[in-house]
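This report describes selected local features of one structure, with the cut-offs behind each term.

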Amino acid sequence: MNDQTAQAKPSAANMIHLFNGFQNPFGGSERETLELYRLLDGGSRVRLWSTSSRMSSELTRQFPIHLVSPARRIVPDGGTYVFLGAHWRNKLWPYLIARPRRLVYVFNTFHPKVLGLTTRMPRLLSWPDAELVLISDFQRRMLGVEGAVHPSPIDLDRFKPCPALPDGPFTVGRLSRDTPDKHHPDDLALYEALLADGTAIRIQGGMPLKDRLAPRPRLELLPQGQFAAEDFLPTLDVFYYRTGSHVETFGRVVFEAMACGLPVVCHSHGGYADHIRHGENGYLFETTGQAAQILAMLKADPALRAVVGQKARQSVEALFSPQAQLDRLDFYRR
């Protein structure tokens with residue numbers, strides 16, 4: 001075997017294996033895993049593994065995702081095992097595959113019980129201690145744990161600022177999965193007031209609101225995934241975001257909106273809040289009244305929207321600069 005062949009076939013110890021359930025094409029952890037795969041260059045050095053038999057057929061058509069199956073000898077063979085929004089607890093297959101050289105757990109929720117189960121090794125499983133990666137300082141403070149902080153990566157070539165929208169109604173919108181906990185009950189009254197004032201409302205992931213908001217000419221409630229995020233976001237003048245019982249550990253859709261040069265108006269409780277400087281690159285609010293005032297101010301001042309949106313884009317470019325991304329990727333490659 002010559003040197004070129006040896007370099008083309010890295011040893012098992014140098015392989016990086018990314019694990020996820022891959023159940024929802026629009027899920028944040030799925031998108032984070034696939035973006036990390038892209039950044040790590042994919043191919044022979046990185047492999048994608050599903051820990052769930054209910055993985056999305058749409059994702060398996062687009063990406064080389066393997067279902068862990070010891071019976072069929074389709075298993076990772078050592079190296080670095082990275083679990084993103086997935087786990088190995090209460091599974092048989094970890095005992096039947098090669099021991100990893102490193103074990104990394106990207107923890108993107110607020111469930112300490114899951115964290116404990118995942119980071120504490122069963123007595124019979126001789127895997128190394130888990131290295132913990134969190135996705136925001138907000139999450140680290142809330143959990144009171146230590147670990148590296150890696151913001152969920154975003155492809156800035158996909159999300160780009162667009163020219164100002166042509167003449168039309170001022171449009172406020174948001175994007176999420178179609179789950180009730182992504183929507184705050186107080187936003188119903190806010191949307192009604194905005195519609196009554198002539199503002200258009202466009203919500204992708206809005207199916208939970210179908211029976212709670214009366215149809216209006218300027219109200220669009222779209223199912224999740226009807227448009228790609230990079231196509232949907234530029235149709236808005238302002239991105240608005242507040243969730244219900246679900247608390248965002250990071251909120252990657254907020255950063256995607258900022259990357260598109262949109263002013264964002266977000267509730268102050270979420271991982272994104274650490275990166276929003278109120279009145280400069282976005283806005284944070286505590287109450288519905290405060291949100292309404294901010295939206296009215298932005299509606300009346302297109303120039304302000306442009307300036308804040310430009311600052312938003314600059315902030316995201318700094319957060320995901322080539323050097324910052326390289327430093328995070330080096331963590332997985334070492």
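Contact means heavy atoms within 4.5 Å. Helices (H or I, at least four residues) and strands (E, at least two) are DSSP runs, numbered from the N terminus. The model is predicted, so local features need pLDDT of at least 70 and side-chain atom pairs pLDDT 80 or more, while totals for chains, interfaces and linings use all residues. Residues are numbered from 1 along each chain as its sequence is written, and side-chain values use heavy atoms, without hydrogens and water.

The cover over the buried residues of helix 8 includes the elements below.

| Element | Residues |
|---|---|
| helix 2 | 28-39 |
| strand 8 | 171-175 |
| helix 7 | 229-232 |
| strand 11 | 238-241 |
| strand 12 | 264-267 |
| helix 10 | 302-319 |

Buried means under 20% relative accessible area, exposed over 50%, and partly exposed in between (1.4 Å probe, protein chains only). Eight of the eight residues of helix 8 (residues 252-259) are buried, so the helix is largely enclosed by the rest of the structure. Among them are Arg252 and Glu256. Gly261, with a positive phi near 80°, follows helix 8.

Ser29 belongs to helix 2 and is buried, at 16% relative accessible area. Beyond neighbours within four places in sequence, Ser29 is in contact with Asn20, Leu84, Gly85 and Asn108.

Leu124, in the loop between helix 4 (112-119) and strand 6 (130-134), counts as exposed because its relative accessibility is 75%.
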